[in-house]
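Hi everyone, thanks for coming along. I'd like to walk you through one chain today, so let me put it up on the screen.

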Amino acid sequence: MHSRALNRWRLPLVLAGLALAAACTPINVPVSSASPPGGRPPSGAAATVLLEKVSFDPSTVTINVGQTVKWVWKDAPIPHNVTFSDFHSATVTNGTYFHTFNQPGTYAYSCTLHRQMVGTVIVK
Ligand SMILES: [Cu+2]
């Protein structure tokens, strides 16, 4: 019968599948490289925005110069992105995105898939 030969192949195939899945797992690397040496890690975000119900919640956050905003996707299976005029996240259904703001100002952003999804980061 073939069952013995099939079993010999099954384990390597499963392991290959696991390796592929691991390789495809998105790694959330902070985009900004401006953090000073010894600065706080991005996990110390000053503000967190949830992407859920096809909106940014809260839609406006206020931080100080040098602080980081964290976006958390909570709307699977609906994909979203966080898009500013000169930087953006990937379009994904799960995960997080960080950005550190090093210049004061008012920064508008949106999700390019859902134009009603708009938000603002105010940097003091
Ligand atoms: Cu969206």
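Before anything else, one working definition: I call two strands paired if DSSP finds at least two bridges between them. With that in hand, here is an example of a bridge: A47 has V69 in β4 as its bridge partner. Please keep in mind that this is a predicted model.

Let me give you the overview. The protein chain has 1 helix and 7 strands, and reading from the N terminus the order is α-β-β-β-β-β-β-β. There are 124 residues, of which 20% count as buried. Among contacts with a separation of 6 or more, 53% are between residues 24 or more positions apart.

How confident is the predictor in this chain? The average pLDDT is 80, and 65% of the residues score at least 70.

We have an open sheet of 4 strands, in the order β2-β1-β4-β5, and the pairing is mixed. Which strands stand at the edges? Those are β2, residues 55-57, and β5, residues 95-100. Each has a single partner strand, so one side of each is left without a neighbour in the sheet. From one strand to the next, the twist averages 25°.

Let's go across that sheet pair by pair. Starting at β2, this strand runs antiparallel to β1, and 3 bridges join the two. Next, β1 and β4 run parallel, with 5 bridges between them, and the A47 and V69 bridge I opened with involves β4. Finally, β4 and β5 are antiparallel and share 6 bridges; in that part of the sheet, K70 stands opposite F98 in β5. While we are on β4, notice how covered this strand is: 5 of its 6 residues are buried.

The largest nonpolar core has 16 residues, and the ones touching the most other members are V49, V69, W71, V82 and V121. Which elements give two or more residues to this core? They are β1 (47-52), β4 (68-73), β6 (105-111) and β7. If you click on V82, and leave aside its neighbours within four places in sequence, you will find contacts with W71, H88, S89, Y97, Y109 and C111.

Over to β7, which spans residues 114-123 and includes T120. Is T120 buried, exposed or something in between? T120 has 14 other C-beta atoms within 10 Å, so this residue is partly exposed; buried would take 20 or more, and exposed 12 or fewer. Beyond four places in sequence, T120 is in contact with S59, T60, T106, Y107 and A108. Its C-alpha atom is 8.6 Å from that of S110, a residue 10 places away along the chain.

Last topic, the backbone, and a reminder to go with it: most residues other than glycine have a negative phi, and most peptide bonds are trans. Where are the cis bonds I want to show you? One runs from D57 to P58, with omega near 0°, and P58 lies in the loop between β2 and β3 (60-63). Another joins A76 and P77, where omega is about 10°; P77 is in the loop between β4 and β5.

Phi is near 55° for K53 and near 50° for V54. V54 has 13 other C-beta atoms within 10 Å, so V54 is partly exposed.

Note on methods. Residues are numbered from 1 along each chain as its sequence is written. This is a predicted model: local features need pLDDT of at least 70, side-chain atom pairs count only at pLDDT 80 or more; totals for chains, interfaces and linings use all residues. Two residues are in contact if their C-beta atoms, placed from the backbone, lie within 7 Å. A nonpolar core is a set of buried Ala, Val, Leu, Ile, Met, Phe, Trp, Tyr and Cys residues joined through C-beta atoms within 7 Å. Axes are lines fitted to C-alpha atoms, for helices over the stretch in contact, and angles run from 0 to 180 degrees between N-to-C directions. pLDDT is the predictor's confidence in each residue, from 0 to 100.
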